[in-house]
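Subject: Structure handover

Hello,

Here is the structure for your files. My notes on what was found in it follow below.

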Amino acid sequence: MPRLIVSLAGCGMFFVLWVISRKNKQEEASENRKNIVLIEILLFFIVTAYFAGQIIYSAIPYNGALAWKIDDWMRKRDVKLEHNNIFKDGAAGILMDLDRVVGLPDELYLVNQCQITFDQDGIIRTIYIFMYGRDESETTHTYLVDYDAKKSRNMRVSVDGEANPDYDGNMRLSPMLRILERADYEKKVKEWSKNSESDLYEILYLGKRSFETKEGLVYLPGDVDGDGVDSEDGYLNIDGRIVGFEVSLHIPGKELTPVRYIMEPEYISQDELIKEREQESTEEAKDTAGWTVDEADGTMYFFLNDDRGWQLEVTDAAAGSRFYGLERTVNGGSSWEDVNGNPFEGNLGVAEGLVFFDEKFGFAGLSGASQTHSQLYVTRDGGETFESVQLPMDTVTELPEHSAQYGFALEDYDYCHMPEEEDGVLTIKVTSDVWESEGMLFESRDEGRTWRFASVVQ
């Protein structure tokens, strides 16, 4: 707008000059008028071209307000919420109103979630649904539904936005409708309303979910997936994981366990969960340069390539320390074989690291539970035997710069970090504990058979 005002002021200035020129002599005025008209025409085309370009740019998606106005006009619809009582009409009533205006596909999928809030009488207050589906011509359409009763009686629907639909069967919307048809959520809201000051309740649907506790879960008999087979077993097995389509009822902002209505749940046993976690840890280890640790059970993995790998498996634990056994795989983790049941010579602690430089040569580290000291072990036969690494600490000629300030003597430096290799040279850094960076550096040029003090690390 400021630039437009300046341009209009320029046109006005030239108009004033043209009027003044008419009062001059005829021959002089004619020449002035001709020049002014030419300037006026040139200025008109420049201003028109500039602002036309600005308008076009503003109309390009995400570049300006005009783009959003055009987007609203082309893609957004206002749909009156006729079925505004969820107790009477369920969530199906919302879809009926939407279908009347925008024409919904028969099968709908969620992009992320369906969220509906309502008061104790069931009057809907807000709606958020982001869903998609295919029409009769197999064209994908998306629908972002937003409603706030405080602002309008209409639902605002944005059609055919960006959603990256993948048609995940676990995110189908129809299971939510079947669950709400059988759930006694109106009765539960009435119970809550007697003991709660809140006048707002919420239904949340996220598709198929998994639970490792049955707290808050309410089993509903029925056919949630539409395959024509009803499930009548009301027992919720807690030995493992429960997976199924679930609808949560809760009070927003309240520390209250939601009621989770679930239908036709599947059960995954503890043994299956352990195998699943081990497989995930194995795949993660394959993709990682270095060792990885399964935080659930403390197993440490290292893969030399996609097929050959090793794992330090916890065989026993006591007082924060662990015993380990070494296993090996040659088929990418499909099966494992015991290699060494006592790689750390009977010592217990916490695995510091595991690394192999080829199929035979590698190192394993074991630290104390406090991580103030550690010991390295080397193998030259693929892990079948290990021997402790002995560094020539008596050849150290100097200590780190701040050792005197901390009161450290040579014997205080007893934490051996895992070896690193570069251009055939192995190095081990020794510090006072795992968190310190100052220490001594030792190196070996014969695959760890002999070591020498190289330098101080400041």
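Buried here means under 20% relative accessible area, with exposed over 50% and partly exposed in between (1.4 Å probe, protein chains only). In a regular strand, side chains alternate between the two faces of the sheet. Six of the six residues of strand 16 (residues 362-367) are buried, so the strand is largely enclosed by the rest of the structure.

This is a predicted model, in which local features need pLDDT of at least 70 and side-chain atom pairs count only at pLDDT 80 or more, while totals for chains, interfaces and linings use all residues. Residues are numbered from 1 along each chain as its sequence is written, and side-chain values use heavy atoms, with hydrogens and water left out. Helices (H or I, at least four residues) and strands (E, at least two) are DSSP runs, numbered from the N terminus. Two strands pair if DSSP finds at least two bridges between them.

Strand 15 (residues 350-356) runs antiparallel to strand 16 and is joined to it by six bridges. Phe 356 stands opposite Gly 362 in strand 16, and the hairpin between strand 15 and strand 16 goes through five residues. Strand 16 also pairs with strand 17 (residues 374-379), in the antiparallel sense and over six bridges. In that pairing Phe 363 stands opposite Val 378 in strand 17. Strand 16 and strand 17 form a hairpin with six residues between them, and Gln 371 in the turn has a positive phi of about 60°.

**Rings**

Rings of Phe, Tyr and Trp (its six-membered ring) pair if their centres lie within 6.5 Å; planes under 30 degrees apart count as stacked, over 60 as edge-to-face and the rest as tilted. By this rule there are 19 aromatic pairs. In one of them, the ring centres of Phe 361 and Phe 363 are 5.3 Å apart and the planes are at 65°, so the pair is edge-to-face. Phe 361 counts as buried because its relative accessibility is 6%, and Phe 363 counts as buried at 0%. Elsewhere, ring pairs link Phe 87, Phe 118, Tyr 185 and Tyr 201 into a cluster.

The charged end of Arg 134 sits over the ring of Tyr 167, 3.6 Å from its centre. The criterion is NZ of Lys or CZ of Arg within 6 Å of the ring centre and within 35 degrees of the ring normal.

Nine strands form an open sheet with mixed pairing, in the order 1-5-4-3-2-6-8-9-7. Strand 1 (76-80) and strand 7 (217-220) are the edge strands, each pairing on one side only. From one strand to the next the twist averages 25°; axes are lines fitted to C-alpha atoms, for helices over the stretch in contact, and angles run from 0 to 180 degrees between N-to-C directions. Strand 1 and strand 5 (residues 154-159) run antiparallel and are joined by five bridges. Val 79 stands opposite Met 155 in strand 5.

Helix 4 (residues 86-102) packs on this sheet, where the strands in contact (heavy atoms within 4.5 Å) include strand 1, strand 2 (109-118) and strand 6 (201-211). The direction of helix 4 makes about 135° with that of strand 1. Helix 5 (residues 174-182) also packs on the sheet, and its direction makes about 65° with that of strand 8 (241-250).

The axes of helix 4 and helix 6 (residues 185-195) come within 11 Å and cross at roughly 130°. Helix 4 and helix 6 are therefore oblique to each other: angles under 35 degrees count as roughly parallel, over 145 as roughly antiparallel, 65 to 115 as roughly perpendicular and the rest as oblique. Ile 86, Phe 87 and Gly 90 in helix 4 meet Tyr 185, Glu 186, Val 189 and Lys 190 in helix 6.

Nine bridges join strand 12 (residues 309-318) to strand 13 (residues 321-329), and Leu 312 stands opposite Leu 326 in strand 13.

Regards
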